[in-house]
Amino acid sequence: MKYTVRLIWDNEASIWYTESDDLPVFLNDYSYDNLIERVRIAAPEVVEESFGYIGPVDLIFESVRVEKAKVS
């Protein structure tokens, strides 16, 4: 099983959060590295509960960081 998880930076809240089209895992953290580790731990359980699959889970992480700023 292979899933893509986007890690998105929310500049206003100063947190990273997850988004995925095919894996229902919704987490956030102030640390990028901590968030990746949390997804690695949660993904197999989420896949088992959601899809009934027990086994290796391949994760692809995509990072998105959007900054908004007003400049003059």
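Predicted model: local features only at pLDDT ≥ 70, side-chain atom pairs only at ≥ 80, totals over all residues.

Is E37 buried, partly exposed or exposed, and what is its relative accessible area?

Modeller: E37 is partly exposed, because its relative accessible area is 39%. E37 forms a salt bridge with R40, and their closest N and O atoms are 3.9 Å apart. The two residues lie three apart in helix α1, so about one helical turn separates them. R40 is also partly exposed, with a relative accessibility of 48%.

The helix that carries this pair, α1, spans residues 32–51 and packs on the sheet, where it touches β1, β2, β3 and β4. That sheet is open and has four strands in the order β3-β2-β1-β4, with mixed pairing.

Now for the other salt bridges; the count comes to four. One of them joins the side chains of D29 and R38, with 3.4 Å from N to O. Here D29 is buried, at a relative accessible area of 15%, whereas R38 is partly exposed at 33%.

Another joins D21 and R6, whose closest N and O atoms are 3.2 Å apart. This pair links distant parts of the chain: D21 sits in the loop between β2 and β3, R6 in strand β1, and they are 15 residues apart. D21 counts as exposed, at 71% relative accessibility, while R6 counts as buried, at 15%. Both belong to a network of salt bridges that also includes E19.

Notes
Residues numbered from 1 in each chain as written. Heavy atoms only, no water. Pairing = 2+ DSSP bridges. Contact = heavy atoms within 4.5 Å. Axes fitted to C-alpha atoms, helices over the stretch in contact; angles between N-to-C directions. Buried < 20%, exposed > 50% of the residue type's maximum accessible area, 1.4 Å probe, protein only.
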